[in-house]
Amino acid sequence: MYYIIFDFEWNNAYSHSAQRFMNEIIEIGAVKLDEKLNIVDTFKQMITPALTKKLSSRCKRLTGITNEELKENGIPFVDAFADFASWSSGEGNVFMSWSNSDLYVLSSNFLMYNGSCRVDFMRKYCDVQKYCMSFVESENNNQIALAKCAEEFGVEVDTEKLHRALADCYVTASCFSKVYDKNKLSGFINDCDITFFDRLLFKPYYITEPESDEFNVYEYQIKCPDCGKKLKVGDKFVMQNKAFKGAVRCKRCRKSFWVFIRAKKTFDDVIVKTRFVEMNKKRARKLRNNFE
């Protein structure tokens with residue numbers, strides 16, 4: 001079993017097929033650690049971009065990669081990742097990166113090039129940033145940059161070489177080695193099952209149709225915030241700031257409310273939240289005849 005620490009550099013370019021800008025991987029870097037955390041092998045490969053022949057000024061400034069370097073050393077994405085998959089293969093290997101942003105970009109690129117977001121050769125994954133942050137005292141949960149973590153752990157860094165894939169892998173490996181705890185690490189390792197990458201790319205959204213396959217606001221049981229009894233619903237709901245707004249009344253409490261219902265679709269479920277505002281008596285009397 002090996003720990004495969006990988007890092008990608010990417011260029012932001014417009015995809016006509018997706019009709020949006022996306023990050024296209026242009027460099028792979030990786031180090032392979034044995035169970036004693038010795039680096040036993042490395043991998044480095046430039047990738048010829050397909051979306052554009054020119055790198056953005058930000059990409060060139062941040063990474064130092066040039067168009068000439070890509071033209072001379074780059075190979076197609078599919079070939080590069082076939083080589084990487086072969087190099088990183090092994091029973092029980094754990095793939096690791098500094099935050100899951102690289103994993104997200106990888107999955108998005110697989111979807112663009114292969115028609116599926118699933119990275120078949122990756123069976124176990126760990127976010128090293130999240131793991132290392134569990135050893136850093138912080139007043140908030142803000143993500144910590146790799147260079148800052150290296151400073152916290154006393155790891156020497158050549159800042160001029162940062163933001164190149166293989167160089168970042170070496171720094172990540174050093175930070176990881178400083179706080180390695182096999183038992184604690186097991187709690188940060190995810191199984192990349194059949195839904196893992198689909199879940200990664202899924203973007204939660206608010207449901208805005210009152211009657212849909214995911215959620216029907218008229219079938220949703222609304223209970224009184226005071227006594228818990230089922231409320232009577234007025235004529236119809238209207239959308240207001242991504243929430244369904246409607247009039248409801250409690251016969252037991254003899255109170256009327258405005259209710260605001262937000263229904264958020266996640267990969268696994270629909271999360272529903274309600275908020276109540278009690279009506280004044282004049283408004284309640286005016287709407288009393290509208291309740292079922």
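A crossing of two helices is left-handed if the near helix is turned anticlockwise from the far one by less than a right angle. Keep that in mind for the first stop in this predicted model.

**Stop 1: α6 and α7**

Select residues 146-153, which form helix α6, and residues 165-178, which form helix α7. Two packed helices are described by the angle between their axes and the distance between the axes. For α6 and α7 the angle is about 40 degrees and the axes are 10 Å apart. An angle under 35 degrees would count as roughly parallel, and 65 to 115 as roughly perpendicular; α6 and α7 are therefore oblique to each other. Their crossing is left-handed. To see the contact itself, show the side chains of L146, C149, A150 and F153 on α6, and of D168, V171, T172, C175 and K178 on α7.

**Stop 2: E27**

Move to strand β2, residues 20-33, and pick E27. Is E27 buried or exposed? Its relative accessibility is 1%, and buried means under 20%, so E27 counts as buried.

What does the side chain of E27 meet there? A polar contact of 2.9 Å links it to the side chain of R164. Next, show the backbone nitrogen of A165, which lies 3.3 Å from a polar atom of the E27 side chain. Beyond four places in sequence, the residues that E27 touches also include D7, F8 and E9, then K44, Q45, M46 and I47, and I65.

**Stop 3: α4**

Select residues 101-114, helix α4.

Colour D102, L103, V105, L106, S107, S108, N109 and F110, which are buried residues of α4. Which elements do the buried residues of this helix pack against? They pack against strands β1 (3-15), β2, β5 (94-97) and β6 (124-127), and against helices α3 (77-88) and α9 (196-201).

**Stop 4: P204**

Finish in the loop between α9 and β8 (205-206), where P204 is found. P204 has 45% relative accessibility and so counts as partly exposed. Apart from neighbours within four places in sequence, P204 is in contact with K264 and K265. Now draw a C-alpha to C-alpha distance from P204 to T266: the two are 62 residues apart in sequence, but 4.8 Å apart in space.

Key: Residues numbered from 1 in each chain as written. Predicted model: local features only at pLDDT ≥ 70, side-chain atom pairs only at ≥ 80, totals over all residues. Heavy atoms only, no water. Helix = DSSP H or I, 4+ residues; strand = E, 2+ residues; numbered from the N terminus. Buried < 20%, exposed > 50% of the residue type's maximum accessible area, 1.4 Å probe, protein only. Polar contact = N/O pair within 3.5 Å; in protein donor to acceptor, adjacent residues only side chain to side chain. Contact = heavy atoms within 4.5 Å. Expected span 1.5 Å × (residues − 1). Axes fitted to C-alpha atoms, helices over the stretch in contact; angles between N-to-C directions. Parallel < 35°, antiparallel > 145°, perpendicular 65-115°, else oblique.
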